[in-house]
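Hello,

Here is the structure you asked to look through. Please open it first, then read the notes below.

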Amino acid sequence: MSDDNMWATVFIAPGELSFRQMPMPEIGPRDLLVKVNTALTCGTDVKTYKRGHPKYNPPTLFGHEFAGDVVAAGKDVKDFEVGMRVVAGNTAPCNECYFCKRGQPNLCDDLLVNLGAFAEYIRIPDRLVRQNTFTLPDHLSYREAAIIEPLACVVHGQDLLRIQPGESVAIVGAGGPIGLMHLQLALRQGSSPIIAIDVNDMRLTIAATLGATQVVNSIHEDPVEAVRDLTDGHGADVVIECAGVSDTWLTALDVARKGARVEWFGGLPGGTQVKIDSTRVHYDELTIFGVYHLTPLSLERAFRLVCNGMVDAKALITHEVPLKNLEDGLKMMMEGRSVKVAVLP
Ligand SMILES: [Zn+2]
Ligand SMILES: [Zn+2]
């Protein structure tokens, strides 16, 4: 790399990435420039790669989970300096709009989104530096730290569910990175039993290792029966859908007991209509949560969870690829051959 160029991945169109030399990002007086040490693939990257993203207009920089070293700091940056190991979130709210003022910064009308983790260097803009950037303690590896963005989404999702000790939890699509994080947090809340439902045996093995009471491969076993068997015939108290498929949104309702809380965590393609049985929602009094993204507070708490070893991030990072082979990593994830892939510039 010359002084003013870097290698970066650009998302061109669904199914098309370009790995190219780009000018180094320029930083303002309150920004940071970070040399990426490790970036992680995420379900959102896979979805964007497959079908585009409703909020990004390509061509755009790509990737949003990363940790690295500060190599330049704007003259007005106070809390960070060159040489620090840092992790940053991928968004920051404005704190001024209607939703921010109502304590829902994840729904901010002016959310700043920062992309470009699949590159040698990334700029962290002012708003993110002030709200959502953290210094790594010595014992924390870059790859563990890089998981805080999706973990913060999971923390936010579980905040809504208010899981009580001893409640039964079924996780549909439990073997993906999001499902495996929900599993770990539900365990920490004292949920019991925790039933991990997925279609991928490799991923279910990880769910079992991380402490699922029972794993159910829904290709070979009826998940409704399996969940009833483990919950005195009632269904689960809490159900979390993490696969992002309309069929599994319905499975989530099917495995819920009367009066259950159900969270549809996995997003579906824009415009998807899901047909549900209103009887279940009305007479069985289901509470259904939609959930989106994270807040600065959930990000801070996620960071604390990984710092203190309360969430095993390493178990979710099953493979690694060099930056130029990012597409292989995304395909591995898409085909269920990996959970998360570490991408190393
Ligand atoms: Zn992510
Ligand atoms: Zn706002």
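Two strands count as paired if DSSP finds at least two bridges between them. With that in mind, in this predicted model Ile 240 has Glu 263 in β15 as its bridge partner. The two strands concerned are β14 (residues 236-241) and β15 (residues 256-264), which run parallel and share 5 bridges.

What is the order of the strands in the open sheet of 6 strands? The order is β13-β12-β11-β14-β15-β16, and the pairing is parallel. Strands β13 (214-217) and β16 (287-290) are at the edges; each has a single partner strand, so one side of each has no neighbour in the sheet. From one strand to the next, the twist averages 15°. As background, strands of a sheet pair through backbone hydrogen bonds, either parallel or antiparallel.

Helix α5 (residues 148-161) lies across β14, β15 and β16, at about 150° to β15. Helix α8 (residues 223-230) packs on the sheet and touches β11 (169-172), β12 (194-198), β13 and β14. The direction of α8 makes about 170° with that of β12.

There is also a metal site. Which residues coordinate the zinc ion (ligand 2)? They are Cys 94, Cys 97, Cys 100 and Cys 108, each through its SG atom, at 2.3 to 2.4 Å. Along the chain, these donors follow the spacing C-x2-C-x2-C-x7-C. The angles between the 4 donor atoms at the zinc ion are 102 to 116°, so the arrangement is tetrahedral. Ideal angles for four tetrahedral donors are 109.5 degrees. Both Cys 94 and Cys 100 are buried.

Regards

Methods:
Residues are numbered from 1 along each chain as its sequence is written. Chains are lettered from A and ligands numbered from 1 in the order in which they are written. This is a predicted model: local features need pLDDT of at least 70, side-chain atom pairs count only at pLDDT 80 or more; totals for chains, interfaces and linings use all residues. Side-chain values use heavy atoms; hydrogens and water are left out. Helices (H or I, at least four residues) and strands (E, at least two) are DSSP runs, numbered from the N terminus. Axes are lines fitted to C-alpha atoms, for helices over the stretch in contact, and angles run from 0 to 180 degrees between N-to-C directions. Contact means heavy atoms within 4.5 Å. Donors are N, O and S atoms within 2.8 Å of the metal (3.2 Å for Na, K and Ca); water is not among the atoms, so sites may look incomplete. Four donors count as tetrahedral if all angles lie between 85 and 135 degrees; four count as square planar and six as octahedral if opposite donors are over 155 degrees apart and all others between 65 and 115; anything else is irregular. Buried means under 20% relative accessible area, exposed over 50%, partly exposed in between (1.4 Å probe, protein chains only).
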